[in-house]
Amino acid sequence: MTVVTPDFEAFRRELLAHCYRMLGTPDEAEDVVQETYLRAWRAYDRFEGRASLRSWLYRIATNACLTALEQRGRRPLPSGLGAPTTDPDAPPIAAEAGDLWPRPIPDALITPEDEDPAAIVAARDGVRLALIAGLQLLPPRQRAVLILREVLAFPAAEVAELLGTSVAAVKSTLQRARATLNTTPDVQELTEPEQRELLDRYMTAFMNSDLNALEQVLRDDAVIEPVPSRTWFAGKRTCVAFLRHVMGEPGEWHMTPTRANGQPAAITCYRGEPYGIAVLTVAPRGIARITVFGFPDLVERFAGAPANRTVTPG
């Protein structure tokens, strides 16, 4: 008798993106994808085919994520913890012992392997930092419903079956989730060459310690979030005053371009030592947000990721 082997691997990238949206860190997402595959292999002889293989895997992955979320708190960015500081010269507020932080994910891990530009752009849109940060503010089941309905476009009836609830409950949960996320502003998308130009100007200014050049690429409403810290800054004047304390001398910072969460980003080292990843939100008139993840281990993760492909939206 011929045994048909299910092609679970075909879904790895999109399942990783799904688990990342739910959990907020690539490491946890990768662990849950592995757990999903393990559960799927063990239960495959009971898979009756009433739903598609893709839906069945999403059901296993979503419930595995919900179980994981029962064991820890949420992962907001600093802007999800309180108002911005008004004193850029004051020492930053240190992270507390129980703080959990989201982490960026390399585009190369979650973009489709095919060369369809629309599919690649859609995959990137579903992991924008603003979305990931907003999702962390939602209770786990609201998070799951919003992702399945709004990001993945699963029908309400399918989401209800997947989560073991009713269609009415799915619709009600989605309304509550939308109300929470309505405060997240939309940022108009730039073409990839425009994004890369702003990234290059940002990196060059930082590596040359040219504060005036850096000021020129920031929007008036720019925001800087240095993670891990509870302090964040809003408005160009405040951001520039903060940056004056961290720029140092020319040559102390070294940056390499990459992409994270569908956005331009820089692998960052300071005085020859790994520092972390800076992720830029770019928009007309300049850089709208700089989220700096000061975790040295991210340098190796991003440096070892496969090369990211260039895709021009639209």
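User: Why is Arg196 called partly exposed?

Analyst: The relative accessibility of Arg196 is 40%. Buried means under 20% relative accessible area, exposed means over 50%, and partly exposed is in between (1.4 Å probe, protein chains only). Therefore Arg196 counts as partly exposed. The model is predicted: local features need pLDDT of at least 70, side-chain atom pairs count only at pLDDT 80 or more, and totals for chains, interfaces and linings use all residues. Residues are numbered from 1 along each chain as its sequence is written, and side-chain values use heavy atoms, leaving out hydrogens and water.

User: What makes Arg196 and Asp200 a salt bridge?

Analyst: Their closest N and O atoms are 2.9 Å apart. A salt bridge needs a side-chain nitrogen of Lys or Arg within 4 Å of a carboxyl oxygen of Asp or Glu. The pair forms one. Asp200 has a relative accessible area of 31%, so Asp200 is partly exposed.

User: Why are Arg196 and Asp200 separated by about one helical turn?

Analyst: Both lie in helix α10, 4 residues apart. An α-helix has 3.6 residues a turn, so residues three or four places apart point the same way.

User: Which labels do Arg271 and Glu252 get, buried or exposed?

Analyst: Arg271 is at 57%, so Arg271 counts as exposed. Glu252 is at 15%, so Glu252 counts as buried. Their side chains meet in a salt bridge (2.8 Å, N to O). Arg271 sits in the loop between β4 and β5, and Glu252 in the loop between α12 (236-246) and β3, so the pair ties together parts that are 19 residues apart in sequence.

User: What covers the buried residues of α3?

Analyst: The cover includes α1 (12-23), α2 (26-43), α7 (140-151) and α8 (156-163). Contact means heavy atoms within 4.5 Å. Among the buried residues are Trp56, Leu57 and Cys65.

User: What makes β2 and β3 edge strands?

Analyst: 6 strands form an open sheet in the order β2-β1-β6-β5-β4-β3, with mixed pairing. Two strands pair if DSSP finds at least two bridges between them. The strands β2 (233-234) and β3 (253-260) each pair on one side only.

Terms used
Helix = DSSP H or I, 4+ residues; strand = E, 2+ residues; numbered from the N terminus.
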